[in-house]
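Student: I would like to learn how to read a fold from coordinates. Can we go through one case, feature by feature?

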Amino acid sequence: MNISEYLKGKRVCLVGPAESAVGQNYGKIIEEYDIVARIKSFDFDDSFVVDLGRRTDILYTDRILHKSDGYQNIGKKPAGRFYDNYKVFEDRGIKYVVCNFPEDHPVYTQRIKGDFDGLRTGSNIPVLNTNSSRFNKAKTVLSRPNAGLIAIIDLLGYEISE
């Protein structure tokens, strides 16, 4: 199933790497959505499930094996802040990984394409790039849209219900 079909008519919760979510008890609400999309952060200690939920169906990120998220003080950090392999994505049940950059963006082609290609060949998870035209429209307002804005713009480009 492609991501358009996967998202069609679904209620999607987008969870960002905001430490302000800690202590808010949003975990149950997050888990009640049909699909949970996260921005960069998906691997954190079980003690935070009450606030952040557990499930990650779609991960929006610009890094693959590097553990760069907003939960530096609360999350589990692998040695050297890098994962050893792509198995962590499958272990977490991630169904899609979306790169925050389009395939034709210089940051993607010159710096991070190899990482995403590694995930493509090293796992069974579909790896996509954000839509180029949606990304470029956002660039007319901001010189480099951040991961959260790209995730919002990308998700709103699909036929989601909420």
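Student: How many helices and strands does the chain have?

Tutor: Helices (H or I, at least four residues) and strands (E, at least two) are DSSP runs, numbered from the N terminus. Here the chain has seven helices and five strands. Along the sequence they follow the pattern α-β-α-β-α-β-α-β-α-β-α-α. Residues are numbered from 1 along each chain as its sequence is written. The model is predicted, so local features need pLDDT of at least 70 and side-chain atom pairs count only at pLDDT 80 or more, while totals for chains, interfaces and linings use all residues; side-chain values use heavy atoms, with hydrogens and water left out.

Student: What is the strand order in the sheet, and is the pairing parallel or antiparallel?

Tutor: Strands of a sheet pair through backbone hydrogen bonds, either parallel or antiparallel. Two strands count as paired if DSSP finds at least two bridges between them. In this model, an open sheet of five strands has the order 1-2-3-4-5, with parallel pairing. Strand 1 (12-15) and strand 5 (127-129) stand at the edges with a single partner strand each, so one side of each has no neighbour in the sheet. From one strand to the next, the twist averages 20°.

Student: Which bridges involve strand 3?

Tutor: Strand 2 (residues 35-39) and strand 3 (residues 58-61) run parallel and are joined by three bridges. Within that pair, A37 has I58 as its bridge partner. On the strand 4 side, four bridges join strand 3 to strand 4, again parallel. There, Y60 has V98 as its bridge partner.

Student: Which residues of strand 3 are buried on each face?

Tutor: In a regular strand the side chains alternate between the two faces of the sheet. Buried means under 20% relative accessible area, exposed over 50%, and partly exposed in between (1.4 Å probe, protein chains only). Strand 3 is covered on both faces: I58 and Y60 are buried on one side, L59 and T61 on the other. For the chain as a whole, buried residues make up 44% of the 162 residues.

Student: Which helices lie across the strands, and at what angles?

Tutor: Axes are lines fitted to C-alpha atoms, for helices over the stretch in contact, and angles run from 0 to 180 degrees between N-to-C directions. Contact means heavy atoms within 4.5 Å. Helix 5 lies across strand 3, strand 4 (96-99) and strand 5, and runs at about 155° to strand 5. Helix 7 (residues 147-156) lies across strand 1, strand 2, strand 3 and strand 4, at about 170° to strand 1. Among contacts in the chain with a separation of 6 or more, 62% are between residues 24 or more positions apart.

Student: What does the side chain of R120 make a polar contact with?

Tutor: A polar contact is a pair of N or O atoms within 3.5 Å; within protein, one must be able to donate a hydrogen and the other to accept it, and residues adjacent in sequence count only if both atoms are side-chain atoms. R120 lies in helix 5 (residues 106-122), and its side chain makes such a contact with the side chain of Y108 at 3.0 Å. Leaving out residues up to four places away in sequence, R120 touches Y108, V127, L128 and N129. R120 is partly exposed, because its relative accessibility is 28%.

Student: Where is T130, and is T130 buried or exposed?

Tutor: T130 sits in the loop between strand 5 and helix 6 (132-139). T130 counts as buried, because its relative accessibility is 4%. Its side chain joins that of D154 in a polar contact of 3.2 Å. Beyond four places in sequence, the contacts of T130 include V98, C99, F135 and I150.

Student: Which residues have a positive phi without being a glycine?

Tutor: One of them is N25, with a phi of about 60°, in the loop between strand 1 and helix 2 (27-31). Another is K40, with a phi of about 65°, in the loop between strand 2 and helix 3 (49-52). K40 is partly exposed, at 27% relative accessibility.

Student: How many disulfides are found?

Tutor: A disulfide is a pair of cysteine sulfur atoms within 2.5 Å. A search of the whole structure gives zero. C13 is buried at 12% relative accessible area, and C99 is buried at 0%.
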